[in-house]
Amino acid sequence: MSTRPETEPVPTTEHDVVAVGCGPCNLGLAALASTVDDLDLVVLEARPELHWHRGMMFDDASLQVNFLADLVTLVAPTHPLSFLAYLHDQDRLYPFTIRQDFHPTRREYEDYLRWAAARLPSVRFSHRVEGVRWCAESQRFSVHVVRGDGARLRMLADNLVLGVGTEPFVPTALADLPGGRLTHTADYLNRLSDVDEARHVTVIGSGQSGAEVVVDLLRRNLSGGPAVSWLTRTPSFAPLDYTKLVLEMTTPAYMRYFHALPQERRDQLTAEQWQFYKGISTATLDEIHELLYRRELEHGLADVELRCGVAVEASATDAHGRPVLTCRHRDTGRLFEHRTDLVVAATGYAPRRPTFLAPVEHLVRRDDRGRPLVRLDHSLDLADEAAGRRIFVANAELHSHGVATPNLDVGAVRNATILNAVTGREAYRLPKRTAFTTFAAPGGDR
Ligand SMILES: Cc1cc2nc3c(=O)[nH]c(=O)nc-3n(C[C@H](O)[C@H](O)[C@H](O)COP(=O)(O)OP(=O)(O)OC[C@H]3O[C@@H](n4cnc5c(N)ncnc54)[C@H](O)[C@@H]3O)c2cc1C
Ligand SMILES: NC(=O)c1ccc[n+]([C@@H]2O[C@H](COP(=O)([O-])OP(=O)(O)OC[C@H]3O[C@@H](n4cnc5c(N)ncnc54)[C@H](OP(=O)(O)O)[C@@H]3O)[C@@H](O)[C@H]2O)c1
């Protein structure tokens, strides 16, 4: 705790850009900004060091994008903080090329992020943003920060970039289960002692996270681990659609096209395009099938059950404290009870609603569903009072920019767009053509 007396003025610094949160989005911003002249940018991260999805850090898990989707390459291929520069620095380029798998493992990607962060003096760990106010006197944002040692700081910023990520989502149907009987995939690897104690584990949800946890549980089952149930509301254990021309729907070209559509149409498309983001990679599906196949040949294994098209509608505990889930089979409407020892909610993530923005809420224009209006350059539509100042969002613009928003491969272009906007010049040249497909009607693409 700080020993600073209450009355002592809080040290104040001034910056062109204050970016909040240091996940891949804002770390990429810091990386690209590090080679732009005359730009004062700081990135504030609450945690003492960079961690990336540690609760899902399976030894063999790999990225869903290849190494070119690193922090910088897709707009600045010769940048000193590229993934290739990292491999070169670590003397691992030859093994990487001989491996001929250009999808880094999740562990390796986190190591790369930490390597890059260590080379960026603009990144400040143990700096939690507690409040953002509008300073009418300076016509800038006043960012209030608490450092890990308790010291308070104030930063005046022309521009903010919010890169605070998402948070684990647990549906109300599961939310009342006791903590000892429920975990979210985000915390799975920290809860292995509960898995080991359970005789029956139930995974709810069939995105990539649920599938990876099921792989782990099936492997454990093969070596004497608990029985496994996998229930999901999704109509099938569906693959992520990563086929080539469909992948063009996750390019900046499609983002630009999508952004110009009426909001109602954008909402319809986001719901229709679930297989571009809510699904399982083919490699993981193959592995699950292989584990099930091997399992069938073995005797004396605990039960395994897979059910799709099943929604969990409520939950309670029985007299022994075991979870009892009320489920609905969606095709027939039939209700049934499901009993288990431990529930793993693989039910995805929701946007983090940063409470620190409450004092500037009145500046943010919203749509009729309460979502912020986000411009093509990822800045929020702000009230006239804040004219000339901007708040950008990274990975909070699914409703405005479409389903590629969380993807790592749009990060470099988004960050270059933000840097071009704040510098008022072409700090980075943006790619003009990113898809062969034309999305607009004839005449509408000019
Ligand atoms: C298990 C998993 C694997 C994924 N793998 C891929 C993949 O392979 N390819 C892909 O394209 N996408 C992937 N994604 C999706 C996406 O790329 C990641 O979720 C990514 O981490 C998003 O980055 P981010 O910077 O938005 O947020 P985060 O990584 O969540 O970082 C946000 C940071 O903000 C900090 N923060 C929050 N509030 C404050 C505050 N008030 N003050 C200071 N700091 C604050 C947090 O501590 C956190 O460090 C994956 C998602 C998951 C869950
Ligand atoms: N290797 C990787 O790169 C990797 C790993 C993990 C995650 N990710 C990414 O992270 C993001 C989140 O993935 P995720 O797997 O955590 O979540 P997700 O894709 O959002 O999947 C959530 C699942 O939970 C189901 N569900 C929600 N509520 C339910 C209920 N009440 N009853 C039954 N089922 C319910 C959903 O069904 P509905 O379909 O009906 O909604 C869906 O199957 C994705 O973009 C993903 O690609 C990437």
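The legends below describe several close-up views of a predicted model.

**View 1. Helix 4 and the helices around its buried residues.**
In this predicted model, helix 4 runs through residues 106-118 and has 13 residues. From its first C-alpha to its last, helix 4 reaches 18 Å, which is close to the 18 Å expected at 1.5 Å a residue. The residues of helix 4 that are buried are R106, E108, Y109, E110, Y112, L113, W115, A116 and A117. These buried residues pack against helix 1 (24-33), helix 2 (83-89), helix 3 (93-99) and helix 7 (208-222). An α-helix has 3.6 residues a turn, so residues three or four places apart point the same way.

**View 2. The crossing of helix 7 with helix 11.**
Two packed helices are described by the angle between their axes and the distance between the axes. For helix 7 and helix 11 (residues 282-297), the axes come within 10 Å and cross at roughly 25 degrees. Because of that angle, helix 7 is roughly parallel to helix 11, and the crossing of the two is left-handed. On the side of helix 7, the contact is made by Q208, A211, E212, V214, V215, L218, R219, N221 and L222, while helix 11 contributes T284, E287, I288, L291, L292, R294 and R295. Sorted by class, the contact of helix 7 with helix 11 has eight nonpolar, three polar and five charged residues.

**View 3. Helix 9 packed at an angle against helix 10.**
Helix 9 (residues 252-259) and helix 10 (residues 263-272) pack at an angle of about 135 degrees, and their axes are 10 Å apart. Helix 9 and helix 10 are therefore oblique to each other. Where they meet, helix 9 supplies Y254, F258 and H259, and helix 10 supplies R266, L269 and T270. The residues of this contact of helix 9 with helix 10 divide into three nonpolar, two polar and one charged.

**View 4. The surroundings of N395.**
N395 lies in the loop between strand 17 (390-393) and helix 12 (398-401). With a relative accessible area of 18%, N395 is buried, because residues under 20% are counted as such. Leaving aside residues up to four places away in sequence, N395 touches C25, G165, T166, T405, P406 and R414.

**View 5. Q100 and H378, two residues with positive phi.**
Most residues other than glycine have a negative phi, and most peptide bonds are trans. Q100 is not a glycine, and yet Q100 has a positive phi of about 55 degrees. Its place is in the loop between helix 3 and helix 4, where Q100 counts as exposed at 64% relative accessibility. H378 is likewise a residue other than glycine with a positive phi, near 75 degrees. H378 is found in the loop between strand 16 (349-351) and strand 17, and at 5% relative accessibility H378 counts as buried.

**View 6. D384 in the loop between strand 16 and strand 17.**
The loop that holds H378 is also where D384 is found, between strand 16 and strand 17. At 61% relative accessibility, D384 counts as exposed, whereas H378, at 5%, counts as buried. The C-alpha atoms of D384 and L363 are separated by 8.1 Å, although these two residues are 21 residues apart along the chain.

Helix 13 (residues 411-423) has 13 residues and reaches 18 Å from its first C-alpha to its last, close to the 18 Å expected at 1.5 Å a residue. Helix 13 is mostly covered, with 13 of its 13 residues buried.

How values were computed:
Residues are numbered from 1 along each chain as its sequence is written. Chains are lettered from A and ligands numbered from 1 in the order in which they are written. This is a predicted model: local features need pLDDT of at least 70, side-chain atom pairs count only at pLDDT 80 or more; totals for chains, interfaces and linings use all residues. Side-chain values use heavy atoms; hydrogens and water are left out. Helices (H or I, at least four residues) and strands (E, at least two) are DSSP runs, numbered from the N terminus. The expected span of a helix is 1.5 Å times one less than its number of residues. Buried means under 20% relative accessible area, exposed over 50%, partly exposed in between (1.4 Å probe, protein chains only). Contact means heavy atoms within 4.5 Å. Axes are lines fitted to C-alpha atoms, for helices over the stretch in contact, and angles run from 0 to 180 degrees between N-to-C directions. Angles under 35 degrees count as roughly parallel, over 145 as roughly antiparallel, 65 to 115 as roughly perpendicular and the rest as oblique. A crossing is left-handed if the near helix is turned anticlockwise from the far one by less than a right angle, and right-handed if clockwise. Ala, Val, Leu, Ile, Met, Phe, Trp, Tyr, Cys and Pro count as nonpolar, Asp, Glu, Lys and Arg as charged, and the others, Gly among them, as polar.
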